[in-house]
Amino acid sequence: MSTLQAITLDQMVDTDRYPLSDPEGTAARAVVARARRELAEDGCTVLPDFVRPALHEALRQECAALAPHAYFDVETVNVYNIDVDTELPEDHPGRRTFERGNAFVARDRVPGDSLIGRLYAHEPFQRFVADCFTLPRLYELADPLSGLVLNVVRPGMEHPWHFDTNEYTVSMLTQEAEEGGSFEYCPNIRSAEDERFDDVRDVLDGRPARQPERLPLRPGDLQLFKGRYSLHRVSPVRGGLARHSAIFAYSERPGVIGSVARTRQLFGRVLPGHLAAEGRAVRGDGLLD
């Protein structure tokens with residue numbers, strides 16, 4: 001057993017600040033109440049040093065070792081992750097295109113006994129995240145490639161403006177870029193009932209009514225985010241280091257598997273499970289992406 005494998009999750013997570021195993025305790029309830037308030041107001045909350053600072057370097061090294069497995073393919077995209085040739089009105093924000101240069105290490109390349117692998121599957125962690133999102137429970141994605149991934153943004157690349165397909169996204173920065181690589185977002189710019197295309201277009205055209213928020217993130221911070229409704233991006237990375245972040249994707253519903261087209265776009269491949277599930281996806285809203 002390696003040194004990292006021997007580390008328990010109680011040793012990894014600062015359980016004095018974030019007592020995962022005592023959800024009814026005073027400290028946990030205070031953390032959850034703050035998270036719920038910030039998620040309701042801004043669609044985002046950050047839990048600083050969720051991973052103990054003494055383990056930040058071990059976390060960075062473990063994820064950096066996974067980064068070479070990322071699927072890289074610079075492609076032209078829009079904020080809705082739909083086909084850029086989709087027929088849309090002339091002024092529709094879906095007609096604005098960008099080069100997406102970030103890459104993903106697929107779930108089947110992330111060892112289950114890694115720090116991020118064990119945290120993703122840890123039931124007290126899942127219950128804690130669900131509580132923060134005011135949900136009875138969350139499910140791991142059934143998708144064999146999505147669910148838990150490492151997002152890699154190399155120097156000179158960016159993850160342009162987009163909306164998430166998942167309702168609830170949980171992420172953790174594991175390696176900072178030397179320069180750039182800022183997380184920027186427009187809180188609650190749309191809702192399940194209203195796409196607000198005009199507001200989205202104004203952001204893409206550089207004339208928003210409200211300037212996007214820029215969120216300071218540090219390795220080991222846990223970010224909870226409603227990326228389905230908040231337009232967001234990672235700004236261009238500069239310098240000699242890539243930006244790495246672990247993404248823990250959950251759903252309110254069991255059995256969620258990504259579409260064939262989206263999976264191939266992100267990972268360059270699909271598996272039999274994706275083909276078998278195609279056409280049976282259940283969506284919780286009628287939004288474009």
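Predicted model: local features only at pLDDT ≥ 70, side-chain atom pairs only at ≥ 80, totals over all residues.

Student: Are Leu222, Gln223, Leu224 and Phe225 of strand S12 buried or exposed?

Tutor: In a regular strand the side chains alternate between the two faces of the sheet. In strand S12, residues 222-225, one side carries Leu222 and Leu224, while the other carries Gln223 and Phe225. Both faces are covered, and these four residues are all buried.

Student: Which residue of S12 is the bridge partner of Thr45?

Tutor: Strand S1, which spans residues 44-47, pairs with S12 in the antiparallel sense over 4 bridges. Strand S8, residues 168-175, also runs antiparallel to S12 and is joined to S12 by 4 bridges. Val170 has Leu224 as its bridge partner in S12, and the partner of Thr45 in that strand is likewise Leu224.

Student: Which strands stand at the edges of the open sheet of 4 strands?

Tutor: The order in this sheet is S7-S13-S10-S11, and the pairing is antiparallel. Each edge strand has a single partner strand, so one side of each is left without a neighbour in the sheet; the strands in question are S7 (159-162) and S11 (213-215).

Student: Which residue in S13 is the bridge partner of His162?

Tutor: S7 and strand S13, residues 231-234, run antiparallel and are joined by 2 bridges. Within S13, the residue that partners His162 is His232.

Student: At about what angle to S13 does helix H7 run?

Tutor: Helix H7 covers residues 197-204 and includes Asp202. This helix lies across S7, strand S10 (183-186) and S13, and its angle to S13 is about 25°.

Student: Why is Asp202 counted as buried?

Tutor: Leaving aside neighbours within four places in sequence, Asp202 is in contact with Arg207 and Pro208. A residue counts as buried when its relative accessible area is under 20%. Asp202 is therefore buried, because its relative accessible area is 18%.

Student: How are helices H3 and H6 oriented to each other?

Tutor: Two packed helices are described by the angle between their axes and the distance between the axes. Helix H3 (residues 26-42) and helix H6 (residues 123-132) pack at an angle of about 50°, with axes 8 Å apart. Where they meet, H3 contributes Val31, Val32, Ala35, Arg36 and Leu39, and H6 contributes Phe128, Asp131 and Cys132. Their orientation is therefore oblique.

Student: How far from the ring centre of Phe72 is Arg154?

Tutor: Two arginines can be described in this way, and Arg190 lies over the face of Phe163, at 3.7 Å from the ring centre. Arg154 lies over the face of Phe72, and its distance from that ring centre is 3.4 Å.

Definitions and conventions: Residues numbered from 1 in each chain as written. Heavy atoms only, no water. Buried < 20%, exposed > 50% of the residue type's maximum accessible area, 1.4 Å probe, protein only. Pairing = 2+ DSSP bridges. Lys NZ or Arg CZ within 6 Å of the ring centre and 35° of its normal. Contact = heavy atoms within 4.5 Å. Axes fitted to C-alpha atoms, helices over the stretch in contact; angles between N-to-C directions. Parallel < 35°, antiparallel > 145°, perpendicular 65-115°, else oblique.
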